[in-house]
Amino acid sequence: MKTGKVYIAGAGCGDFELMTLKLKMLIEEAECIIYDRLVNKEILVLAPKSAELIYYGKDNCEGGLIQEKINATLIEKAKEGKNVLRLKGGHPFVFGRGGEEALDLVDAGIEFEIIPGVTSAISVPAYAGIPISHRGINTSFHVFTGHSKDDGEKIDFETVSKLSGTLVFLMGIKNIEMITSNLVNFGKISSTPVAVIENGSTCHQRTVVGNLETISKIVEENHIQSPSIIIIGDVVNLREKLAWFEHKALHGHKVLVTSEKTQAKVTSRLVRSLGGESVECPFFTLDKKSFTIPRLINFDTVLFTSPQSLHAFFEKIEDIRQLLHLRIGVAGEKTKEALNTYKLQANIYSNSYRTQELLNLLTEKEEKVLLVRSTSISAELAVYSQSITELETYYVDKVLRSDEEVIAYINDVDIIAFPNACTVKTLIDSVGREILATKLIIASNENTALKIKSYGLHVNAFGNGEITEETFKTCMETEHCIKGKKDGVVNRRNKGFTHSARAAS
């Protein structure tokens with residue numbers, strides 16, 4: 001049997017999008033993935049369903065027997081003929097024991113590659129608004145492990161205390177008192193600024209700031225836990241002006257995204273861009289139907305109700321010139337954008353994604369209309385005087401989920417995003433309304449918001465057909481106002497949001 005190859009890779013420091021393009025391609029092709037606790041679980045979703053996933057939760061940073069087991073498993077799986085991805089947090093060669101694993105592979109005669117990752121030593125301070133180097137402040141930075149086999153005692157603090165550059169200690173939160181007191185004892189000024197960053201580059205990131213004399217007490221009072229890194233030096237003072245990540249609208253919040261998987265990816269990226277964490281739990285899937293486009297010469301107008309239906313139609317059409325005589329109508333901004341990708345402009349446009357509102361814009365009573373959509377709404381078309389033919393391009397199927405699974409998802413988040421009224425009904429029919437009463441709720445449109453409110457639930461914000469950045473910001477503004485009233489504090493609502501992200505009472 002041919003021996004497989006091992007890729008020792010760094011997954012970055014927490015933010016899902018900080019992994020390298022090379023790592024993404026390797027994950028998508030991996031046959032076996034061996035990963036640890038600091039790897040963002042969203043990354044593993046990219047792995048093929050056939051991939052073998054092996055977790056070694058090395059909660060301590062010393063390795064010991066568990067490291068020996070990891071090394072043995074790498075060799076074993078490679079000898080089974082599998083291409084193995086050893087996935088670590090950060091960079092595999094920055095206190096990641098990647099060198100030890102590679103040496104064992106060399107001894108076993110197994111081919112390997114090292115895939116660098118974004119190390120927390122540099123990226124996490126950046127997310128806290130702290131540049132580890134800055135002109136006029138320092139000319140060097142130094143990275144240390146704060147947790148070794150001898151609890152850090154092997155660090156030459158006498159030498160380290162004399163360094164003028166920024167000091168970065170990884171995995172040192174349990175030994176912070178020992179680290180700071182040693183630096184002071186060997187001559188470091190006790191007023192030297194110190195920052196400790198917990199869960200860096202994730203929605204749970206917290207940063208506390210003090211100095212060598214006070215930081216240990218501050219860490220204890222704020223219950224700062226691992227994973228955390230310690231930054232020591234005057235660059236910490238820049239955080240007061242440069243802090244950016246923790247000020248994002250969704251920072252500290254987890255959002256349950258219930259859209260179908262294609263749209264869920266779009267919403268999840270939006271959530272991450274706003275500093276939040278996305279948990280995807282689709283209740284429906286979209287599957288393309290087998291359909292035939294009718295003779296377009298028999299129609300005057302073609303209407304598209306969604307980007308999905310539009311793309312499915314254009315994948316089928318053999319000659320785009322067949323559309324030359326037709327008026328084209330679209331529902332919603334995203335559908336219009338999809339049409340524009342084919343170098344076509346809409347003659348009829350509704351800023352709502354509701355099919356009925358698009359049909360209401362038809363003016364010619366005798367025109368023949370081709371309505372391209374997902375599921376049929378034939379029963380609702382009788383009120384229109386036009387001759388309307390429906391072309392269904394894809395199915396909407398339910399995703400079967402147990403009540404226990406849905407409850408676990410809901411309990412893990414504090415915001416729930418609903419794409420449509422069907423999803424609202426499906427979820428509430430499954431687990432009831434009470435579990436949603438303490439959550440922030442947003443909806444993609446007014447119709448969905450009304451459905452939510454019919455169950456006696458509060459809607460914090462809704463969009464005009466889709467969930468946007470402004471929808472989330474309105475949601476958070478509403479939350480702050482409610483909290484302010486409860487605390488006896490007057491908060492002003494932001495009046496700058498447009499109709500596409502209205503707060504719903």
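What follows is my list of salt bridges, and then one lysine on its own.

**Ground rules.** I am working with a predicted model, in which local features need pLDDT of at least 70, side-chain atom pairs count only at pLDDT 80 or more, and totals for chains, interfaces and linings use all residues. Residues are numbered from 1 along each chain as its sequence is written, and side-chain values use heavy atoms, with hydrogens and water left out.

**Entry 1: the count.** How many salt bridges does the structure hold? I found 28, taking a salt bridge as a side-chain nitrogen of Lys or Arg within 4 Å of a carboxyl oxygen of Asp or Glu.

**Entry 2: Glu111 and Lys5.** I looked up this pair and found a salt bridge between the side chains, at 3.4 Å from N to O. Glu111 sits in the loop between α4 (98-107) and β5 (112-115), while Lys5 belongs to the segment before β1 (6-10), so the pair ties together parts that are 106 residues apart in sequence. Is Lys5 buried or exposed? Its relative accessible area is 14%, so I noted Lys5 as buried. My cut-offs are under 20% relative accessible area for buried, over 50% for exposed, and partly exposed in between, with a 1.4 Å probe and protein chains only. I also noted that Lys5 and Glu111 join Lys22 and Glu113 in a network of salt bridges.

**Entry 3: Arg327 and Glu367.** These side chains form a salt bridge at 3.1 Å, N to O. The pair links distant parts of the chain, 40 residues apart: Arg327 is in strand β15 (residues 327-331) and Glu367 in the loop between α13 (355-359) and β17 (368-373). I have Arg327 as partly exposed at 28%, and Glu367 as buried at 5%.

**Entry 4: Glu80 and Lys82.** The closest N and O atoms of this salt bridge are 3.9 Å apart. Glu80 is partly exposed at 33% relative accessibility, and Lys82 is partly exposed too, at 23%.

**Entry 5: Lys88.** I found this residue in strand β4 (residues 84-88), buried with a relative accessible area of 2%. What does the side chain of Lys88 make a polar contact with? The partner is the side chain of Glu101, at 3.0 Å. I count a polar contact as a pair of N or O atoms within 3.5 Å; within protein, one must be able to donate a hydrogen and the other to accept it, and residues adjacent in sequence count only if both atoms are side-chain atoms. Leaving aside residues up to four places away in sequence, Lys88 touches several others, including Ile8, Asp36, Val39 and Arg97, where contact means heavy atoms within 4.5 Å.

Terms used:
Helix = DSSP H or I, 4+ residues; strand = E, 2+ residues; numbered from the N terminus.
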